[in-house]
Amino acid sequence: MPPTNQRVAGHAFLKGMARDSFFPDHVVDKGKEILLRLCERIEAEQPSDLAALYVLTHAATEEFNELDADIETTAREEIAEDFWFVASAYGFADVDVEELIAPRDW
């Protein structure tokens with residue numbers, strides 16, 4: 001089920017990567033799917049605090065770790081920004097971006 005949050009529904013995830021021909025479409029699509037699944041989990045589980053949110057974002061970060069070979073340095077910042085966007089869209093304004101993606105290998 002697609003996310004119902006209006007900010008998320010209207011957001012173009014990884015748009016910089018999508019515009020850059022360096023990144024294969026299938027890699028960008030996998031990244032978008034990871035972020036959308038994260039949104040779906042947030043809506044389903046409704047984390048009540050940052051610790052609960054971090055559990056969800058760490059799981060999504062681990063999925064991005066599987067794409068590591070296909071992720072370039074400049075894309076890493078864009079991915080981190082989209083993790084921050086998701087957290088803020090669901091009301092977590094005081095989130096620590098580095099903690100959101102703490103288990104990253106990229």
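Biologist: What counts as a feature here, and how are residues numbered?
Modeller: Residues run from 1 along each chain as its sequence is written, and side-chain values use heavy atoms, with hydrogens and water left out. As the model is predicted, local features need pLDDT of at least 70 and side-chain atom pairs count only at pLDDT 80 or more, while totals for chains, interfaces and linings use all residues.

Biologist: How confident is the predictor in the chain?
Modeller: pLDDT is its confidence in each residue, from 0 to 100. The chain averages 91, and 94% of the residues score at least 70.

Biologist: What makes residues 25-45 helix α3?
Modeller: Helices are DSSP runs of H or I with at least four residues, and strands are E runs of at least two, numbered from the N terminus. α3 has 21 residues. The expected span is 1.5 Å times one less than the number of residues; for α3 that gives 30 Å, and its first and last C-alpha are 30 Å apart.

Biologist: Which residues of α3 are buried, and why are they said to share a side?
Modeller: Buried means under 20% relative accessible area, exposed over 50%, partly exposed in between (1.4 Å probe, protein chains only). V27, V28, G31, I34, L35, L38, C39 and I42 are the buried ones. They cover an arc of only 135° around the axis, so they lie on the same side of α3; the arc is taken from the directions from the helix axis to the C-beta atoms. D25 and A44, on the other side, are exposed.

Biologist: Why is L14 called buried but Q46 exposed?
Modeller: L14 has 1% relative accessibility, so it counts as buried. Q46 has 61%, so it counts as exposed.

Biologist: What makes their phi values worth a look?
Modeller: Most residues other than glycine have a negative phi. L14, in the loop between α1 and α2, has a positive phi of about 50°. Q46 follows α3, and its phi is near 45°.

Biologist: What makes a set of residues a nonpolar core?
Modeller: They are buried Ala, Val, Leu, Ile, Met, Phe, Trp, Tyr and Cys residues joined through side-chain atoms within 4.5 Å. The largest has 32 residues, and F13, F64 and F83 are among those touching the most other members. α5 gives the most to this core, with eight residues.
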